[in-house]
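Hi everyone, thanks for coming. Let me put the structure up so that we can walk through it together.

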Amino acid sequence: MTSRDFREDIEGYRKLKEEITILQKYAVERTWERGLVNRVIERLHPKRLDLVVSEVREETASAKTLRLVSPRGYLPPFQAGQYINLFVTLAGVRTARPYSIVSSPAQTAYYDITVRRVDEGFVSNYLLDEVKPGDRFESTGPEGQFFYNPLFHGHDLVFIAGGSGITPFMSMIRDVTDRGIDRTIHIIYGSRNPGDIIFGDELADRTSRHRNLTYTPVISEPPPSYKGHTGFITAALMQELVGDIAGKMFYLCGPEEMYRFCLPELAAMNVPGKRIRCEVFGPPKDISTEPGWPESLSKDTTVTVALRGGPTLSALRGEPLIVSLERAGIAVPNACRSGECSLCRTKLLSGEVFQPAGVKVRKSDRQFGYIHACMAYPLTDLEILI
Amino acid sequence: MADYDVIVIGAGNGGLTAAADLARRGVKVLLLERHNVPGGCATSFVRGRFEFEVALHQLSGLGTPEKPGPLRGLMHRLGVLGKVDFVEEDTLYRTLIPGTFSVTLKANKVELVATLKDKFPDEGSAIEKFFDLVWDFSTQMISVYYLKDPETSKEKYPLYFKYALKTSQEVLDSFFKDPFLKMAIASYWGYVGLPPSRLSFTDLAILLWAYTEFKPYHMKGGSQALSNAILDSFIAAGGNVHFNCGAKEIVLSEGRARGVITENGDEISAWAVISNASTISTYTELLDSAAVDRDTLRMLGSRSLGPSAVCVYCGLDCEPGDLGIDVSTQFITLNTDMEHQFASWRTLDTPETCGMTCYDVADPEFSPAGACQIVLIVLQYADHWYAIPPTQYAETKYRYAQGLLNIAERAYPGFIDALEEVEVSTPLTHLRYLGHPGGAFYGFDQYAKDSNLFVSPLSGIEGLYFAGAWAGMGGFQPTLESGVAAARAAQGYLEKRGAL
């Protein structure tokens, strides 16, 4: 700068200088704001929740509801249909599973989650067999995209549930019926046999008391005496139960087989894609049956995964990368474990992975080699950056 | 000895650019990012079959390969040219009052002047004079401000010295009568966040001039593609990045920044620190306030937080043309009262303005075939969002967003019926992901008194530098450039200290 500051010659410069002097004279120091941003976030979207089991209720022979409360007395609000990802440490391995909140969002004194037994379920069997009131857990805050969006979902909803896929719908149904919301719900709930139906009595009871709710159980393996709908949830059945599809929004939550069966049925009914919402459902049971899996590779073989600046571990080809990492004691953030939330986004430096269709990886992430470790299966030896 | 030469806190536009620029010059850099994705604002998220651009509406300053702007040079310097596909737009924007007024300005001075003259024949000669002023002023401003002509004087650059600190409103009023004309010319005020009565003429003139001369752009794959590309350059140059790792404290030694303590409690030493966090959180959270001098704290306290926004990210199951949407950028309003529109940013009243960006107009591949993506935006300050009880947050968010959808529907009937995915962000969403007070993605309010003409971007603490909107201007071009400026300053400091 020359000896004289040229800025002094700009019209209006001195006036603004005076304004600044006055503003600084009366300025409130912002040190009072320390911690404010975190406090605002914490009440809506805390990263972690501390939870205590206050009650365990048996729903069916194979399902229990755990009531979870906060030792601090505050749980954030959620939208009916969202889940929490519950962290557990079993046999020295820290892992996590997402569970839909089944209680109504009208109160947040507690969250109820309902767990159903799964064959070889590493976490679910532990939750069913071991957990008792007083046990403590850590979870994510409420997450997920499977909820009613008033901006475009409309007032006429069809819920198609399979097995434990009833859980997010319970929260939505409790919300609508408890609060007397003007919204019509048809729930069509597929189970293998009558004993597998979770919340059957409550659904029947709520249906009897609310004209905007109809409930149809559908049994795929009915006992000989069973009266009611049997078989799968077909286009014909849906057509019969819900009538005209115009303006309706269809929501699906259940096991992978249910999507494989019901989505083509909905297409046959000419339900447009924009009127269908699907909850994500975790990794497939057998990845090697997914389209695109290289036929020559066995899912039971192993590869080596090297972390840049970290350890090298062995990983099964047929298992999501995140599971191999967790087994080796390497924590990767995660919430949905279904390829959607992108928290486990990891950079692949070398090697090749298999990612089933529908994993929600950003376009540029594909271009620059990022994968979602919860839905990426190592086909070759890998080097990754976490 | 130090673990690193430089630690960069935050992988937003400013932090990424600073980190990549230093690493490519052989400086040993550690980049810390609280989230698992780089970019800050410059990011995207996936819903259904759509990948939504979060923040970039129109990239300024890039220019064409034949007539490059300053940002093209910066991209080259960072080694990302060729890794990102930029999409040029031929239109600045459409200003629209549904059923009442519509004008579309091309990114070409001759055409836009002709369009306005055609629309406002009574003010034809004033329109010509005004745009000549905008161009002449901008040329002078570039010489003074960017090229830093050492011979700068009132005599050499009379337009700059006369107009630089005038308000846009003063200048518009001195040229024009018709409120529709003034609104059409001033529509970019929403990109700065101040109405013409408070917006310096410099900001309005430079926006009009730069977007016209260098054309508006966006990227294939959205701004996340740029963030990924810059990070890629950084890693390729040997830079080290830690995601899911925020900074808790900047370590001072003898008054100099000498390292960072991470939120995991690890202490990492360095010769210099660049903060891409807000200046407010840097001074009040990362530093011991006792170490910050009173003048700095007073300066901080004298400035007001800029706006955040409510954005409605819409995935539509139709092509833009099916709804009659044929320009990328639109400013839709229900009246010409920009003062009132600005005042409404502090209330939850039904919105009366709506920015509308459709990326598929210039890039039909942006969304899946037969679909398109449209972002509706209105700026909003955060204070009244802080006051909403958490239990009423979702309901409030949807009610406000419905107001924006209603404006879009009035402008383009059939809009709501075509919705396939909708996600809403609010000032609290931006606060959550950026960590900025007020979710203020432009940093402080962009008053002339807060520009670098009056406020130094330097920290007052040796070895500590700032990158990002809080140390200068908001927006993509300014924050990307701020990173290079911080990198240069830090490198100069390292050389002076003999650390390199």
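Predicted model: local features only at pLDDT ≥ 70, side-chain atom pairs only at ≥ 80, totals over all residues.

Residues are numbered from 1 along each chain as its sequence is written, while chains are lettered from A and ligands numbered from 1 in the order in which they are written.

Now to chain B. Helix 9 (residues 201-214) of chain B has 14 residues; helices here are DSSP runs of H or I, at least four residues, numbered from the N terminus. How many of the residues of helix 9 of chain B are buried? The count is 13 of 14, where buried means that 20 or more other C-beta atoms, placed from the backbone, lie within 10 Å of the residue's own. Just after helix 9 of chain B, B:Lys215 has a positive phi of about 70°.

Helix 4 (residues 124-146) of chain B packs against helix 9 of chain B at an angle of about 100°, and their axes, lines fitted to C-alpha atoms over the stretch in contact, are 9 Å apart. The two helices of chain B are therefore roughly perpendicular, a label for angles of 65 to 115 degrees. Among the residues that meet there are B:Trp135 in helix 4 and B:Trp209 in helix 9, with contact meaning C-beta atoms, placed from the backbone, within 7 Å.

Definitions and conventions:
Expected span 1.5 Å × (residues − 1). Buried ≥ 20, exposed ≤ 12 C-beta atoms within 10 Å, placed from the backbone. Axes fitted to C-alpha atoms, helices over the stretch in contact; angles between N-to-C directions. Parallel < 35°, antiparallel > 145°, perpendicular 65-115°, else oblique. Contact = placed C-beta atoms within 7 Å.
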